[in-house]
Amino acid sequence: NIFTSILYNGYQNSSTDHNYYTSKTYGPTDPMSKDLWVNVDQMDKEKVKIHGILSNTHRQAARVNLSFDFPFYGHFLRDLTVATGGFIYTGDVVHRMLTATQYIAPLMANFDPSVSRNSTVIYFDNGTALVVQWDHVHLQDSYNLGSFTFQATLHSDGRIVFAYKEIPIEVAQISSVNHPVKVGLSDAFVVVHRIQQIPNVRRRTIYEYHRVELTKTKITNSTAVEMMPLPTCLQFTSCGSCISSQINFNCSWCHRLRRCSSGFDRHRQDWVDNSCPDETKDKSCDIINTTQLYPFTTTLVAKTTGRSRGETTTAGASLSTSLSPTSVPTEGKTTNVRPKAENSNYSAERKDTHPLHTGLILGILMVMLIMAATVLVTVYIYHHPTSAASLFFIERRPSRWPAMKFRRGSGHPAYAEVEPVGQEKEGFIESEQC
């Protein structure tokens, strides 16, 4: 990450580039900290709601439908899942390990709103922004430390704001034994695997491809963090604009999907299943028609039929070399060529004459080809982390990659969804004080 410092009204603000987002942190004396805090008391009373279930439970999550399309890592979201633990889950698949990845976390910790009557989780959607506020919430294992009040604001242009009003202790001192403590963003893609031993059963694995980690020491009372989204490959809708884009990502265009991508986004499985990594190697917008090579191949073979045996041997060798990187002709066309059969007999006679010499040469060539293939694969994987080969090794090295598998009984800390999709209003209480 690129780090720069800016002096503003005597306070040193930090600005950081996170590839997908740029973040700016504002201190307590900065006027922007007060401007970024949304006072729900001054908002429309009909749109401000207190979620009755989340405000009185521990480790619960509820689905919230947005009135606008919210861009997150280039993807447009229309519904989110708010958790009592100080974060918003952005994934499509709701599971018990919501804290692992795909989150917007102003302050993820082991908050328990049920330990205090004053603790509430508030929502506010005005059509262009969603405000989620954790108001006077306490840590379950450290109630005596005091209450926390903070909020996250999601704007329709993709801007995300974390604002903090009451932070009684340093965030770095919050215990992460019973619950992760995170501040930032995360996104991932889900891959579905078929289990050969069990038919009609699939295993889902989620891979975190990017994470924004904010500095915890700068989060105190009356501070704020503003994150602005950076351009992504997903915003380009044509091949020309995709491959000529000048952004932080190596964008490629997939003709089958008609989609621009770097290979790392939520549509990763579609990208691989449709062989987009192989298609985008040439970085060209022209679709190559391999059937146009057949007339040239037929003509070349026809010319060799009228030559002598010695000339046929040479032509046949050059023909096989020229066909190697292209599509191979059909078996009918090959077997009907008489000079090529004679060439095969010539090779067979030579093999019988010098079997040891030929075998030694073939063995050396095989070893050299294996070594060259190993080096090429290693270099390719290193420079193309989004390829199918890279994903193959990622899936088999879970201990060294931030991957989470959906397994029964592995959800710690476990979050339960308190209500089904489409019935979120049952858990809300109209706020009269806000």
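**Close-up views of salt bridges and a nonpolar surface patch**

**View 1. Glutamate 213 and arginine 211 in a salt bridge.** Glutamate 213 pairs with arginine 211 in a salt bridge, in which the closest N and O atoms are 3.4 Å apart. The structure shown here and in the views that follow is a predicted model. Glutamate 213 counts as exposed, because its relative accessibility is 56% and the cut-off for exposed is over 50%. Arginine 211, with a relative accessible area of 30%, is partly exposed.

**View 2. Arginine 159 and glutamate 226 in a salt bridge.** The side chains of arginine 159 and glutamate 226 come together in a salt bridge, with a distance of 3.0 Å from N to O. This pair links distant parts of the chain, for arginine 159 belongs to the loop between β11 (148-155) and β12 (160-166), whereas glutamate 226 belongs to strand β15 (residues 223-229), and the two are 67 residues apart. Are the two partners buried or exposed? Arginine 159 counts as buried at 19% relative accessibility, because buried means under 20%. Glutamate 226, for which the relative accessible area is 11%, is buried as well.

**View 3. Aspartate 187 and arginine 266 in a salt bridge.** Here a salt bridge joins the side chains of aspartate 187 and arginine 266, at 2.8 Å from N to O. Distant parts of the chain are again linked by the pair: aspartate 187 is found in strand β13 (residues 182-194), while arginine 266 is found in the loop between β17 (259-261) and α3 (268-273), and 79 residues separate them. Aspartate 187 has a relative accessible area of 0% and is therefore buried. Arginine 266 also counts as buried, with a relative accessibility of 15%. In the model as a whole, the count of salt bridges comes to six, among them the one between aspartate 187 and arginine 266.

**View 4. A nonpolar surface patch that includes isoleucine 364.** Which residues make the nonpolar surface patch of about 570 Å²? The patch is made by Leu360, Ile361, Leu362, Ile364, Leu365 and Met368. One of these residues, isoleucine 364, lies in helix α9, which covers residues 355-383. Isoleucine 364 counts as partly exposed, because its relative accessibility of 45% falls between the cut-offs of 20% for buried and 50% for exposed.

Definitions and conventions:
Residues numbered from 1 in each chain as written. Predicted model: local features only at pLDDT ≥ 70, side-chain atom pairs only at ≥ 80, totals over all residues. Heavy atoms only, no water. Salt bridge = Lys/Arg side-chain N within 4 Å of Asp/Glu carboxyl O. Helix = DSSP H or I, 4+ residues; strand = E, 2+ residues; numbered from the N terminus. Buried < 20%, exposed > 50% of the residue type's maximum accessible area, 1.4 Å probe, protein only. Patch = residues over 30% accessible without salt bridge, like charges linked within 9 Å, V, L, I, M, F, W, Y side chains within 5 Å. Areas by Shrake-Rupley, 256 points an atom, 1.4 Å probe, with all protein chains shown as cover.
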